[in-house]
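Reader: I am new to this structure and would like to understand the words used for it. Could you take me through them?

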Protein chains: 6
Amino acid sequence: MKRSDGRQTNEPRPIKITTHYNKHAEGSVLIEVGDTKVICTATVEDRVPPFMKGQGKGWVTAEYSMLPRATQVRNQREAAKGKLGGRTMEIQRLIGRALRSVVDLEVLGERSITLDCDVIQADGGTRTTSITGAFVAMAMALDKVARERKLAKFPITDFLGAISVGVVQGTPCLDLNYEEDSQAKVDMNVVMTGNGKFVEVQGTGEDSPFSRQELDELLRLAEEGILGLIEVQREALGPIAGLIGNLAHADK
Amino acid sequence: MKRSDGRQTNEPRPIKITTHYNKHAEGSVLIEVGDTKVICTATVEDRVPPFMKGQGKGWVTAEYSMLPRATQVRNQREAAKGKLGGRTMEIQRLIGRALRSVVDLEVLGERSITLDCDVIQADGGTRTTSITGAFVAMAMALDKVARERKLAKFPITDFLGAISVGVVQGTPCLDLNYEEDSQAKVDMNVVMTGNGKFVEVQGTGEDSPFSRQELDELLRLAEEGILGLIEVQREALGPIAGLIGNLAHADK
Amino acid sequence: MKRSDGRQTNEPRPIKITTHYNKHAEGSVLIEVGDTKVICTATVEDRVPPFMKGQGKGWVTAEYSMLPRATQVRNQREAAKGKLGGRTMEIQRLIGRALRSVVDLEVLGERSITLDCDVIQADGGTRTTSITGAFVAMAMALDKVARERKLAKFPITDFLGAISVGVVQGTPCLDLNYEEDSQAKVDMNVVMTGNGKFVEVQGTGEDSPFSRQELDELLRLAEEGILGLIEVQREALGPIAGLIGNLAHADK
Amino acid sequence: MKRSDGRQTNEPRPIKITTHYNKHAEGSVLIEVGDTKVICTATVEDRVPPFMKGQGKGWVTAEYSMLPRATQVRNQREAAKGKLGGRTMEIQRLIGRALRSVVDLEVLGERSITLDCDVIQADGGTRTTSITGAFVAMAMALDKVARERKLAKFPITDFLGAISVGVVQGTPCLDLNYEEDSQAKVDMNVVMTGNGKFVEVQGTGEDSPFSRQELDELLRLAEEGILGLIEVQREALGPIAGLIGNLAHADK
Amino acid sequence: MKRSDGRQTNEPRPIKITTHYNKHAEGSVLIEVGDTKVICTATVEDRVPPFMKGQGKGWVTAEYSMLPRATQVRNQREAAKGKLGGRTMEIQRLIGRALRSVVDLEVLGERSITLDCDVIQADGGTRTTSITGAFVAMAMALDKVARERKLAKFPITDFLGAISVGVVQGTPCLDLNYEEDSQAKVDMNVVMTGNGKFVEVQGTGEDSPFSRQELDELLRLAEEGILGLIEVQREALGPIAGLIGNLAHADK
Amino acid sequence: MKRSDGRQTNEPRPIKITTHYNKHAEGSVLIEVGDTKVICTATVEDRVPPFMKGQGKGWVTAEYSMLPRATQVRNQREAAKGKLGGRTMEIQRLIGRALRSVVDLEVLGERSITLDCDVIQADGGTRTTSITGAFVAMAMALDKVARERKLAKFPITDFLGAISVGVVQGTPCLDLNYEEDSQAKVDMNVVMTGNGKFVEVQGTGEDSPFSRQELDELLRLAEEGILGLIEVQREALGPIAGLIGNLAHADK
């Protein structure tokens, strides 16, 4: 099969992570995956939400938004509508859940990290790109926390990346752009850790249910793609990359 | 492993579907899966949402809610809070998507079916129970539509059931109740058609990422469980069951 | 006059109260009055709303809702609209006020009882049916409180029932169903205690003002009807019925 | 009994109606009942709400609000809270219903009258004062409509007044001020027409149920009080008073 | 140039300030500027908003609203819409800012003054009229505070008035009424203290940018107009006027 | 005086305008003024808001937002709060008004241009930077419209820039950064056209009223600063700059 932008079925789009993109945030990146561009900032606060108080544990949460003209047709702002849409809530719950899976909340202590993922240009895969970028911003912020608050160990237990896969014109493909995504019969988002375990697998075949065999092939593509993303994260993080999972691995 | 309620790991809870539970709705059931009880009603309207107008196609959508005291601790009503929570939106989007996957919207014509799933008592698996019950209510309503509006063929292309699976105390288990669900390290909801294809696979390992092998075992359990649910649906539907997928299969 | 369902003008519809309908709530019933069906649950919490704090007194409040397809035509959910309608607020204020009139809030102490009245099928008289059912759920919950917290006496001072009356085709009638209610020129809801005193009298003649004589006849019908409802409550409550008003009467 | 302001139990507070209080509205008054002051304006629009369209009939509706400092303690604005409270909705539904009971909506034709009742100072009885004042503003506006649109007859069928009564320190009293109202065991609002028929009777004995005998005495007081109010309305309306109920009576 | 109501270009409309207009508020006026009428009440509370706590300083804030029929065409209530419009927010922020500029918040101590400005009839200049009236209500309330809480000195440092100016048919004019305002090419609101300093200058030339020379002439007209308004405030305040700026001037 | 970043009192911060920053929008820039960074996109739609319909004229509107971590401390999203704050509304109304002042809406025809100004990093002057950037994005979009829809002439009548000025430590300064802005006694935003006329002058001296002489000096600084900004706009626009005001000037 020939993909619309000439890529192989297992070929991801070019990815670029610019760190320290925001001068105020404790951690921040601009992540570009093809034409999808997301600003991810990490904010550290020395308090936790009410439902977590007094447990000696930290919290990681995420918010997701698209600028109105991130898309081909302008979207009305959710602030103007007065409420968050279902899609937004679903995505930000996913991002938060995914990031928490690789943070040792007890090591973090009663602090919270908020990851803001703001899509400034969208071309497919905004939720997975947000996760991949937010992980880097979070690691930068936690490095700052670990150093300033002298944490016993680094609270991130493993790398974490996310990518979309789907069945386009009958063929399983990696990292769909918007055009492919809108034609895909099956659409799957996969979040995986550095040691190859799944954190989230969300496949949907609204227009056409999928077989076990298709599912297996999609998971294989995603696995391969995410390992590639993690290499880019490692490079962007530099020395911080070396802290991830070091001690945490040992005593888990 | 011994499950808390004595079930085998691959043993579902008792299921009961009471049809014609509501005298006003075009289709309705009370579905009970263990102590989880959901009223599902199907409403037929001869119009479609604005974004679907003029396409000659129909629409299927769902709304989900829990009575405040469906749970052990009373939940504040979303109507009183003034907005739908993220969990509710995520679930009702899932139910709608799942049901649409087995409806031929062109055969349906410019009509919409709204499935209301109201949980009157919750004990785990409310979203999958809602899908399983809503399918029956929808089939009843579409039978009424098909007869009254003389549709060319029956618009449901296949059966559809849903179940939750998860890894509890290290063991993959079928159909988790609330107690198991709150301890599960991995939690997965699977929606499948009568001919064994997946419509939705949503697995999450927030507390503990899961391996490919665990994923495979969970999918196997879900597959077996859903085929059992479909037998109960078939029985509840009686003669209507015979219409499902009949003609649709032929020319697809 | 011949009523549409063959009843005499002073004949109520069949009433059925199923207790322990919900396994989580401290008190719960399914009440059926003709085709009107309401689930009433009572939730006990060991705290009071902010405006009641520090007075050593308890609080009783109610919430009311209809499932979207409780009615012939589907109603949009108030949670989806983002606000409670005027009718809902009016009804839940009425239910709360009515129940409080027979509870000794000082005996109750700094606790609150929330009555959730969810109409699962509507055929007229949903607000009065909610009051009659909520009274039973509340008594069950307070029995639990009285035993567990060793209250000095039982905090319910009297029975409480409610019924609707109205002028249909010129004739005062008891317990209107939906069809009658939509034709009625005058519509009145009456809430009364076991010893025959009025707690609420709400009569409205929007389409046709009513005379003092009609008012008198409506009150007479309501009085008779409510005494009948209280007999059913007494039976449903079994031994708990004996506690109501016992000590409270003595020292009031 | 001695009332706090020296009035007899059946003595109303002084009432003053200033017409043409607003230069923009089709009808307007400032009504003062004791220290309770309400601005009532009537707005005429040549359209009806969506649910009334195409029936050839008109509509009358009301909105009610209090300035934040109408009361002893400042109330937060409902506009700032972002929603109308239950009390406000209940009151404005009552005012609208009451006024519609004396308007022949078919004679009015497809027009709507909106009565805005804004309490600028509150000292008890704001809802009944609103009804009494809004009736006059409405009559002024309908006189304008009747003349300009050459209506077949005057659409108001009778006078309409409202007053509160209650049991204060064991004694039934007329027209309670705020101090009395907060002590009253029973509180009742009565809306009556010029020919002595009831439009609304809303009695509540939250703190103490009331007997049939008390109810009878309260209704008697209200009846007497409302006839007095109607005399003041008649005077305020001048020649317009003569139009009310003239033709309408004949063919009803 | 001939103004529509016969005034000279530098001639303000008649102004009238009625004090003690509301029996509950700590300070209150009805201010009338031509046909524009605003009720201003000042509420004193012995607490400050959360962001001001513990600083030993007070706070002054304002809220602004128009009755629905203050205008020629009825406006929908913001409480019914469920949110404040941009215009309202802009105006109430302006009023609060302006009043704070002449209050010594440290002398006031941890108290807050809320100025409610409710327009009961609008004919242009409602925001400037609100400021001029609210100043008087605030002074009355602070006089009460100063006497009852024995403040070290009177916390108001200077008089404060506001007026609108604009370019109508090419000519700069003072104190525009609604008709003039809707034709004006340039519209400016000026807030000034008793000693001739500017607190706010807000000029806008949406339909036609304005030159520096026009700006200068508008400011000159405003200056003259505000000094006139302050004379009326002084008279309305009587002896309280003497307290303003007395001590504060000395040590500033 | 020595400014905190070493600038002269009349020295603006470095400004950089990157055009074509977004691949979807009809016009777009990233504008950087010192550390303040704003993405401005212009969206063209072939329809106007309801209140403008049928007048043959176009409309220009703006929306403004800050990413949560654009500031030193994270701000809660307005979408999460469910409503726009007063500051946001005030700013977006200002931006829209300013841009409309240099667009010939009749030449534009029944089309609307929406300018989205999203602050990705804030360091003072975000509203004026938004105006300066949005003007360029709008010109790019209108160039596209003018060519594709063959407009009779180019609808922009003049250049438009905006800058903030203020009195810092007693000295009037140009283009305040955040640190200066928070200390400034007087704060003024000025919007001016290419031919030196004022569109908006908004000066506020909440903490300290300002004299006529200070006002004059601030306006002089702003005038000089804006002419500098317009040079940068002209360069960024390239050939499009030549279209601005060309024909429009002639026949105005």
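**Helices and chains that meet**

Author: Gladly! Helix α6 (residues 212-237) of chain C packs against helix α6 (residues 212-237) of chain D at an angle of about 160 degrees, with the axes 13 Å apart. Helices here are DSSP runs of H or I with at least four residues, numbered from the N terminus. Axes are lines fitted to C-alpha atoms over the stretch in contact, and angles run from 0 to 180 degrees between N-to-C directions. This is a predicted model, in which local features need pLDDT of at least 70 and side-chain atom pairs pLDDT 80 or more, while totals for chains, interfaces and linings use all residues. Residues are numbered from 1 along each chain as its sequence is written, chains are lettered from A and ligands numbered from 1 in the order in which they are written, and side-chain values use heavy atoms, without hydrogens and water.

Reader: What makes α6(C) and α6(D) roughly parallel or antiparallel?

Author: Angles under 35 degrees count as roughly parallel and those over 145 as roughly antiparallel. The angle here is about 160 degrees, so α6(C) and α6(D) are roughly antiparallel. The residues in contact (heavy atoms within 4.5 Å) include C:Leu215 and C:Glu223 of α6(C), and D:Leu215 and D:Glu223 of α6(D). By class, this contact has four nonpolar, no polar and six charged residues; Asp, Glu, Lys and Arg count as charged.

Reader: How do you know whether α4(E) and α6(E) are roughly parallel or antiparallel?

Author: The axes of α4 (residues 126-148) and α6 (residues 212-237) of chain E come within 10 Å and cross at roughly 30 degrees. These two helices are therefore roughly parallel to each other. Among the residues that meet are E:Phe135 and E:Met140 in α4(E), and E:Leu229 in α6(E).

Reader: Why are chains F and A described as related by a two-fold rotation axis?

Author: Chain F is superposed on chain A by a rotation of 180 degrees with 0.0 Å of shift along the axis, at an RMSD of 0.0 Å. The two copies are thus related as by a two-fold rotation axis. The superposition is by least squares on the C-alpha atoms of residues with pLDDT of at least 70 in both copies.

Reader: How do you know that these copies meet through the same surface?

Author: 100% of the interface residues of chain F are also interface residues in chain A, so the surface is the same. In this interface, 35 residues of chain F are in contact with 35 of chain A.

Key: Angles under 35 degrees count as roughly parallel, over 145 as roughly antiparallel, 65 to 115 as roughly perpendicular and the rest as oblique.
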